[in-house]
Amino acid sequence: MQAETPAYVVSERLLTRNLETLSELQQSTGAKILLAQKCFSMFYFYPLIKNFLRGTAASGLYEARLSREFFGGENHVYSPAYDAKEIFKLAEICDHVIFNSFRQVEKFAQVVKNFGHGVGLRINPEHSTQATKIYDPCAENSRLGVRLEEFKSARPELIKILDGLHFHTLCEQNSDALEETVEVVEKNFGDYLRQVKWLNLGGGHHITKKNYDVDRLKKIIRRLQKNYRLEIYLEPGEAVALDAGFLVSTILEIQDERAGVRNAIIDASAACHMPDVLEMPYRPEIIGAAELGAKKFNYRFGGATCLAGDVIGEYSFDTPLAEGDKIIFRDMAIYTMVKNNTFNGMKLPAIYALDLNFNLKLVKNFGYENFKARLS
């Protein structure tokens, strides 16, 4: 079986490899790891993932419902603000509801308590460990998390109702950035850590990346458990599906050479099918390709949309490419299916699963009806 392009292909073997690493971390520390669905929500694989992880982290009602229907483990949710029309449903189906302000706690915490579930609050350590502002929750005037000064002025009963605290300040970072942040959290929020039952360290931990210092992470977790008697949660997204997926595309046309590079137009799009390429921004790897100029034949890949900036990147190959050739982009399970769109009427990529025996299974196909249903 061959994948009809464009197509996302997710490997069960590679996904399992990541999950085994995360499971070992849980077993050796007692921490609980949740799948951040905002990064990877391919619920076809939820029966596999729930064999390794304790639950999921949602960003709103729809993700929370998806978890309840297809995962079945612990169901946590955090949002910068909750809609009063949805809070009762969230309080019913979520084990932990994490708020972003004391105002939200005041409005909705008792609803959560009435269902017997946990109330959490996101804190802002006000300590940045990354340079890219769009991904920095501790940037100046950030709307994410409660600052120490707000804690100091909060009514005692609102602090007392909290079961746990949460912070999420990392993005594709190693455990040294977490250690640095935890030191600040302990210094500023240590008294409050002693008043709650759990602490959620958020996501952005590149735990399954080759150079990640897992031993350092284990020491951080154990210190927090020992010093504060806390249950520790982590909610990585990328670490779950890192390098486990691919985007397969077909070259539609190759233009004449310009300044030593040829434009290759493919049936996939950065803007539509891999938005992080433009938002981060970054250049995804292609199987068999190298940096521009490293090999003899140079190409600039772009999508078949009218957006001038729909450019994926520049690459070189040992042999010339031809129209109809397949191009395979690496690490395309994360922040792709959850963020893709149909700008210009672009077709959404089909979704395939590659099983342990390397058999390809079509999970979901998309067509005109999917495009039309989003518009009216």
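Q: Which residue is the bridge partner of L121 in β7?
A: In this predicted model, L121 has L165 of β7 as its bridge partner.

Q: What makes strand β6 and strand β7 a pair?
A: Two strands are paired if at least two bridges are found between them. Strand β6 (residues 118-122) and strand β7 (residues 164-166) have three bridges, in the parallel sense.

Q: What kind of arrangement do the strands β2-β3-β4-β5-β6-β7-β8-β9 form?
A: These eight strands form a closed barrel, and their pairing is parallel. From one strand to the next, the twist averages 25°.

Q: How do you know that β10 pairs with strand β14, and in which sense?
A: The threshold is at least two bridges, and five bridges link β10 to strand β14 (residues 326-330), so the two are paired. The sense is antiparallel. One of the facing positions is L247, whose bridge partner in β14 is F329.

Q: Which sense of pairing holds for strand β1 and β10, and over how many bridges?
A: Strand β1 (residues 7-11) pairs with β10 in the antiparallel sense, over four bridges. Within this region V10 stands opposite G245 of β10.

Q: How many bridges join β10 to strand β11?
A: Three bridges join β10 to strand β11 (residues 262-266), and these strands run antiparallel. E253 faces I265 of β11.

Q: What makes strand β10 mostly covered?
A: A residue is called buried under 20% relative accessible area. Eight of the 10 residues in β10 (residues 245-254) are buried, so the strand is described as mostly covered.

Q: Is Y44 buried, exposed or partly exposed, and why?
A: Its relative accessibility is 34%. This value lies between the limits of 20% and 50%, so Y44 is partly exposed.

Q: Why does F45 receive its accessibility class?
A: F45 has 3% relative accessibility. Because this is under 20%, F45 counts as buried.

Q: Why is G345 placed in its accessibility class?
A: G345 has a relative accessible area of 41%, between 20% and 50%, and is therefore partly exposed. G345 is in the loop between β14 and β15 (350-354). The C-alpha atoms of G345 and Y368 are 8.5 Å apart, although 23 residues separate them along the chain.

Q: How do helix α1 and helix α9 pack?
A: Helix α1 (residues 12-29) and helix α9 (residues 214-228) pack at about 35°, with axes 10 Å apart. The crossing is right-handed. From α1, E24, L25, S28 and T29 meet residues of α9 including V214, L217 and I221. The contact comprises four nonpolar, three polar and three charged residues.

Q: Why is I221 classed as it is, at 0% relative accessibility?
A: The cut-off for buried is under 20%, so I221, at 0%, counts as buried. I221 is in helix α9. Leaving aside neighbours within four places in sequence, I221 is in contact with L25, T29, A31, I232 and L234.

Methods
Residues are numbered from 1 along each chain as its sequence is written. This is a predicted model: local features need pLDDT of at least 70, side-chain atom pairs count only at pLDDT 80 or more; totals for chains, interfaces and linings use all residues. Side-chain values use heavy atoms; hydrogens and water are left out. Buried means under 20% relative accessible area, exposed over 50%, partly exposed in between (1.4 Å probe, protein chains only). Axes are lines fitted to C-alpha atoms, for helices over the stretch in contact, and angles run from 0 to 180 degrees between N-to-C directions. A crossing is left-handed if the near helix is turned anticlockwise from the far one by less than a right angle, and right-handed if clockwise. Contact means heavy atoms within 4.5 Å. Ala, Val, Leu, Ile, Met, Phe, Trp, Tyr, Cys and Pro count as nonpolar, Asp, Glu, Lys and Arg as charged, and the others, Gly among them, as polar.
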